[in-house]
Structures are given as C-alpha cells and as structure tokens.
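Biologist: Please take a close look at one part of this model. Which neighbours does it have, and how is it covered?

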Amino acid sequence: MSELNKIILFVNLFNLLLLCTAIEQNFPALKNDNVLKAARGEPVDRVPVWVMRQAGRYLPEFQEVRKEHDFFTVCRTPELACEVTMQPLRRFDLDASIIFSDILVIPQAFGMTVEMHPGVGPVFPEPLQTPADLAKLKPEGAVERLSYVGDAITMMRHMLDGKVPLLGFTGAPWTLMGYMIEGGGSKTMSKAKAWLKNYTDDSKKLLDMLASSIVDYLEMQVKAGAQMVQVFESSAEHLSKEEFLTWCAPYLKDIASKLKQRLSEQNIPLVPMTIFAKGAGHSLAEQATFGYDVISLDWTVDPEEARKQVGPNITLQGNLDPQDLYKTPEEIRELATTMVRKFGKTRYIANLGHGITPQTPIVSMEVFVDAVHKAL
C-alpha cells in the first residue's frame, strides 16, 4: 500500500467516526468567515480570495492522486475528494474551500455515461440526439445517487476544522444540457442550440428536469454542511442576450427561489448563493434580479461598469484572466492589486474570471493570493 493510500485510509476511518455525529452544531467553529461576510455585504478584515478549480491539475499532489485513481473515482470517493479539496489549502492562504466534484455528476445520476479522456476532457459516448432520448433519462432518485457528494461535504467540514468556509456547487441547466447533447465540450454548441430552435418544447422539458434536480442537489449539499453554493452557467457565452434571458434566466431564478423556499420551510439557515454566467456580461443588471447574493464575473467585464449595472446590494466576484497567471510575478502582483482596487473592499470576493488552467505555475498562485490580501 502506498503512503498516499495509507493516509487516505486513516482519513477515511477518522472521518467516518465524525460522520456519525455530523450535525451542524457539531461542526468545528469557523475561524475565517470573510467570504461569507463579503457575500452578505458585511465588513471584512481583508479582501477574501479563492480560485475556481483551485483543487486540480496544476498541483503536483493532485497529479499523484490521479496516477492511482481515475477522475470520477476521486469524485465518488469521499476520502479522496476531501484529500484533493485540502491540497490547495495546505499551500495557499485561501479564504474558502470548494468541494472537489464535477458539474457532470448530475447527467451521470440521470443514467448517462460520462468518461474523462486525457487531453480531451469529458466525453458522453451516447449523447442525447433526439427528444426520444429523453425517455432514457432517470431523474427520479438522482439526488440519492449523488449522496457521495453530501458525504464528502460533511467529512470535509470536519477536516477543515473551521479554517475557512466550504462551498458546494452545481452546473446550471443550459450548461448541463449542452454537454448532454454535444457529447462533451463544444466551441459552438451548435447541436444544443439546434434543439432550442427545432425542439423548443422538449428543450424546456429537459431544462425543467435539470433545474428540479439541481434544487434537490443543492438542498442536499446545504444539509450536508455546504456554507455557500455556486451555480455554474459556464456555457452562457454561446447565447445572445435574448437567448440567455429566454433559456437561462427563468431556470436560474427558479433554482434560487426554490432552494431558499425549501430551506426556509425546514428552518434551515439560508446560505449565500453565487451565479457565474460566463460570457453573460451583457445581462448583469438582469442577473442582479435573479435572487443570488453574489455575481461572479469573467475577465471580459470591467469591475466599475459591473458595479454600476448590479447596484450596491449585490456582491461581485472575480475576475482576473486565468492566462495572466502565466506572466511574471511582478506583473501578476500589479494586475491583482489593480483589480482589487477597482472592485473595492465592500461586497467583493477576489477570484479568477474562470477556472485556473493546468500549467499554471505554483508561484503564480502564491503571488496572486498574497497580492489580493495586501492590495487594500
């Protein structure tokens, strides 16, 4: 047995004991709540920062885990997911943790096969081709089939020992629909967009189905211990403003309102919600009405213009270009400092404008995080 597997086994046994009493009052007290304060518009002692995909391929220790376990095995094994989630926190002075998983676990829970191919990314061997294929999907019981994510969240809350808040997340309906129809990532989303035009009613049926399961999924994550959740509408960039407001907005609003209603009915404290609609900078004013506490911005959006569009009562998150992390440390520090000063200290969470990329130098992350904390 390798040293890594011995560590994982120990963590697994330790956390299984903790899991038996994993109710909110037994979670360790939170020591750094700046992300949650920023999301609620409360004063912070420093600008909080975390990075999308902060647990991932740019870390050599993550690569070591992947040598022994395929991607979705890591997602489905709570002790592995927790180990990977902890890795960036051991290296960087981050203000939040986000559970290691993938947006495509929902299509998997619907019964679709998703494979992670090296150098390619996610692949659906049997994508949806016509509306008749919707009959093959099994949304009933999907959230139960995703219980491993909840188990990882509960385990992770204990492993963090209150160091920083733990975020949960999900893909949004249009983004998931795109993968399910295209069969993987796409630069055009031509097949999925053809569905919107040619199979309008069936597209609505699929989006409704996904939105309903997403609410179930987020509810489960909050009950398991997620202290904040983010909804990734990563494929919004393929839609015009009119299309975004038609095919994304209603479902995004529905997710936020129904999750809040569900939690309120069960007397469960509401958690901050973030929407990240990549490429939808054209609709920031509209996004501010969706019911989310935080709007995450991609790198194409000017911070000062975004603030004008969303008003003073929404927190902004973002938005350094991930490619900027390939520049010199001096350039990164200057760019991060300028970014933070444009956003200001109130209602702001520093992040990248999309996920960190695989070849990003470790020193770049160190400089970025340090620069954010020292900018104001």
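Modeller: Two strands pair if DSSP finds at least two bridges between them. Strands (E, at least two residues) and helices (H or I, at least four) are DSSP runs, numbered from the N terminus. The model is predicted, so local features need pLDDT of at least 70 and side-chain atom pairs count only at pLDDT 80 or more, while totals for chains, interfaces and linings use all residues. Residues are numbered from 1 along each chain as its sequence is written, and side-chain values use heavy atoms, with hydrogens and water left out.

I take strand β4, residues 166-171. Its setting is an open sheet of seven strands. The order is β1-β4-β5-β6-β7-β8-β9, with parallel pairing. β1 and β9 (348-352) stand at the edges. Each has a single partner strand, so one side of each is left without a neighbour in the sheet.

On one flank, β4 pairs with β1 (residues 97-98). That pairing is parallel, over two bridges. Ile 98 stands opposite Leu 167 in β4.

On the other flank comes β5, residues 228-233. Here the parallel pairing runs over five bridges. Leu 167 stands opposite Met 228, Thr 170 has Val 231 as its bridge partner, and Gly 171 faces Phe 232.

Cover is next. Buried means under 20% relative accessible area; exposed means over 50%, and partly exposed lies in between (1.4 Å probe, protein chains only). Six of the six residues of β4 are buried. In a regular strand the side chains alternate between the two faces of the sheet. Leu 166, Gly 168 and Thr 170 lie on one side of β4, and Leu 167, Phe 169 and Gly 171 on the other. Both faces are covered.

β5 is mostly covered too, with six of its six residues buried. Met 228, Gln 230 and Phe 232 point one way. Val 229, Val 231 and Glu 233 point the other way. β5 also runs parallel to β6, joined by five bridges. One of the bridge pairs there is Glu 233 with Ala 277 of β6.

A helix covers this stretch. α13 (residues 249-265) lies across β5 and β6 (273-277), at about 170° to β6. Axes are lines fitted to C-alpha atoms, for helices over the stretch in contact, and angles run from 0 to 180 degrees between N-to-C directions. Contact means heavy atoms within 4.5 Å.

Gly 225 lies in the loop between α11 and β5. Gly 225 is buried, with a relative accessible area of 1%. Leaving aside neighbours within four places in sequence, Gly 225 is in contact with Phe 27, Ile 153 and Arg 157. Gly 225 and Leu 30 are 195 residues apart in sequence, yet 12 Å apart in space, C-alpha to C-alpha.

Helix α11 itself spans residues 200-224 and holds Ser 213. Ser 213 is buried, at a relative accessible area of 9%. Beyond neighbours within four places in sequence, Ser 213 is in contact with Phe 110, Pro 139 and Ala 142.
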